[in-house]
Amino acid sequence: MSPKTSSENIVHTHRLDAHNTTILFGWVTGIPEIIYIGARLDDGMDVEMFARSRARPLGHATMDEHAPVSMQPEIGAGFMGHPGLVANRVDSDKPGWAGIFEWVETAETDDGVTFICRDDHRELRLDITVTLCRKSGVAVMKSRLTNEGADDCMVDWMSAPVIPVPQHLSEYLHFHGRWTAEFAIDRRTVPMGLVKSENRRGRTSHEAFPGTIMLAPTTDEESGRCLGVHMGWSGNHRMVLERMTTGECQLQMGVLHFSREGMLPAGRALETPEIHVATSDVGLNDLSQRFHRHVRENILKLPDAKKPRPVTVNTWEAIYFDHNIDALKELADAAAKVGGERFVLDDGWFVGRNDDTTSLGDWTPDPQKYPDGLHPIVDYVVDEKGMEFGLWVEPEMVNPDSQLYRDHPDWVLAVDPYPRHLGRNQLVLDLTNPEVFEYLYTVIGDLLKTYRTAYLKWDMNRDLVLPGDRTGLPAVHRQTTALYALLDRLREGFPNVEIESCASGGGRVDYEILKRTHRFWTSDSNDAVERTRIQHGFTHFLPPEVMGSHVGPAWCHTSGRGFHPDFRALVASYGHMGLELDLRKVSDEEFALFAAAVERYKADRDLWHSGDYHRITTVDADLLGACVVDAEQRSARIVMMQIDRPRSIVPPTIQVPGLNPNRRYKVELQTENKVAMHGSRKFRNRLMDGRLELTGAVLMSAGVQLPVLYAQTGVALALEAIDD
Ligand code: DGJ
């Protein structure tokens with residue numbers, strides 16, 4: 001008996017290309033399958049022949065037809081793994097729990113395609129859309145299910161288009177973390193069977209970033225194959241990674257629904273969030289650069305794309321709730337003097353807010369602290385000091401001890417009669433309630449109209465527990481889309497205001513919130529060692545210009561550790577830099593050091609924020625850093641951080657990534673780290689007097705010798721081409 005597989009019978013194919021990527025789809029009569037996603041294939045290739053070459057033998061003791069990992073694998077087709085869609089008709093007499101979609105039509109657009117499929121028996125329509133960004137090669141995919149029947153359909157699980165993972169990508173990066181330790185990474189082998197990662201916190205979460213990178217065992221930052229997927233979604237989510245006995249591996253990502261959240265009434269449609277998919281054959285840095293390009297091209301919409309990311313001085317770790325107009329003016333003086341360009345008034349400015357137990361929801365200035373409203377400080381910052389003014393808000397929240405809650409105790413997410421669980425003494429407002437939505441739009445809009453505010457720090461400091469709407473039904477999905485709608489409306493009304501997405505630091509970091517905001521508060525940890533690790537993880541999917549990075553106080557309040565000022569400044573200097581400490585109280589020497597770091601940031605920020613970003617890892621796991629190279633490969637900058645005890649007295653050489661091998665570069669030390677230099681005896685290296693000149697080829701393969709670096713010290717290097 002000859003083996004028979006669906007691939008053998010493939011009759012339809014479709015091809016999408018970017019300069020560096022090709023995606024091929026193939027199908028027989030049902031839902032299309034991604035039969036290839038990876039490096040660009042030659043134009044003249046015979047796609048049908050390729051599709052047929054995917055034909056697989058059937059093993060014994062398997063069904064007579066192989067059910068492929070289509071973009072929505074189906075129980076009804078005999079797929080034995082985790083299905084892409086689990087749905088049922090609630091009150092129908094038809095058996096709606098399983099079925100088979102038939103492909104109906106392919107609709108092409110300039111940069112993508114929509115496959116339209118139908119299951120007439122279940123009266124469901126499925127649209128699967130894939131667009132491919134020509135510039136970055138990142139594919140954006142989503143699925144839409146329409147209930148064409150007369151009765152409700154309950155969708156328990158619906159994955160965004162399912163990615164078949166090639167078998168050679170047998171490992172994956174699992175992104176996890178917690179508050180002040182975001183973007184931690186475990187490199188794991190894909191086990192046999194199924195792995196799930198889930199988030200029920202009601203925001204993107206510190207714990208489970210909705211993304212992963214599949215990679216080969218030999219892949220590292222600068223070489224090897226990998227495939228990254230991120231789902232842009234700021235609510236509950238689930239990722240399913242499954243390696244099956246057929247040898248296939250599938251990756252699913254979708255919204256995690258609480259019971260009844262997936263109710264799809266007759267005539268309505270349910271859309272998955274977008275997943276963003278990239279591949280590379282030359283390592284994780286190239287993959288990240290594709291994601292960074294995609295963010296720059298398609299996700300991040302700055303009011304003024306040409307404006308450099310301003311140096312931000314934030315009041316939180318300087319004064320906390322202790323607001324006083326004279327102290328704030330002094331702080332603004334110091335902020336302007338150090339080179340600050342944006343002054344952000346953090347928590348503590350609104351009525352009665354002297355600690356974190358009261359007042360969220362009452363968004364008017366505290367009359368004791370600000371008898372004349374915020375005008376005096378806004379005017380001082382803007383007119384006298386020439387900085388932008390930024391304001392902290394946490395609109396989604398309310399303290400029980402607030403006028404808003406006293407007036408509207410029914411405005412919160414809750415399931416009565418169960419307890420209203422507090423987190424940081426606060427409850428979550430029900431954004432699905434139109435009255436709440438209007439209140440928030442009005443109150444935030446009024447602040448923006450009243451005060452010359454260039455920037456909102458939009459905070460969100462607790463998880464959602466028992467998130468029921470007015471009727472008690474679970475509302476995380478609708479709360480998430482309502483938040484997007486609120487931000488969209490504010491953005492429309494106030495298009496010049498930039499917004500920071502902060503959720504106790506890095507609790508809401510994803511592409512969908514980034515479409516409506518302009519940077520992230522990466523973490524509440526300003527501990528420079530933790531920050532180095534967090535920033536390392538963050539840059540896998542996100543570029544440095546959206547990575548808020550501040551110089552914190554000498555002693556970090558979230559870790560209890562202290563670091564030298566130059567190390568703190570170095571770690572803050574390659575993202576979107578800011579300072580968040582009491583600048584009035586630092587020594588003259590420290591102040592000068594911070595001012596110099598700010599100056600260096602200003603000189604180099606265009607490069608860091610537009611170039612190709614490389615993470616640098618070394619044989620010493622505690623020596624890591626970052627490098628940026630401009631598109632013409634003329635300029636590069638490197639920062640290296642020795643975050644813990646060095647492995648050897650003298651550090652390993654640093655192979656510089658991404659240069660032009662044929663150019664000569666001048667290499668200079670940008671920072672002088674006194675503590676570290678103590679350890680470098682007789683370091684008569686040309687690096688030290690600015691006379692080091694080597695070709696890109698040498699710098700990339702042999703590398704640069706660094707001075708001795710003590711634990712928690714580091715250096716910054718500048719490379720400039722000198723031959724043309
Ligand atoms: C949490 C944020 O992450 C901090 O930066 C600060 O804004 C506090 N909230 C204020 O309450």
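Which residues around the ligand come nearest?

Tutor: This is a predicted model, in which local features need pLDDT of at least 70 and side-chain atom pairs count only at pLDDT 80 or more, while totals for chains, interfaces and linings use all residues. Residues are numbered from 1 along each chain as its sequence is written, and side-chain values use heavy atoms, with hydrogens and water left out.

Of the 13 residues around the ligand, those that come nearest are Asp-346, Asp-347, Lys-457, Asp-459 and Asp-524. Here a residue is near a molecule if one of its heavy atoms lies within 4 Å of it. By class, this shell holds four nonpolar, three polar and six charged residues; Ala, Val, Leu, Ile, Met, Phe, Trp, Tyr, Cys and Pro count as nonpolar, Asp, Glu, Lys and Arg as charged, and the others, Gly among them, as polar.

The side chain of Asp-346 has an N or O atom 2.7 Å from an oxygen atom of the ligand. For the side chain of Asp-347, the corresponding distance to a ligand oxygen is 2.6 Å, and for that of Asp-524 it is 2.3 Å. Taken alone, the ligand exposes 300 Å², and the protein buries 97% of that; such accessible areas come from the Shrake-Rupley method with a 1.4 Å probe.

As for the setting, the protein chain is divided into domain 1 (7-299), domain 2 (312-610) and domain 3 (614-721), with bounds that come from an automatic or database domain assignment.

Key:
A polar contact is a pair of N or O atoms within 3.5 Å; within protein, one must be able to donate a hydrogen and the other to accept it, and residues adjacent in sequence count only if both atoms are side-chain atoms.
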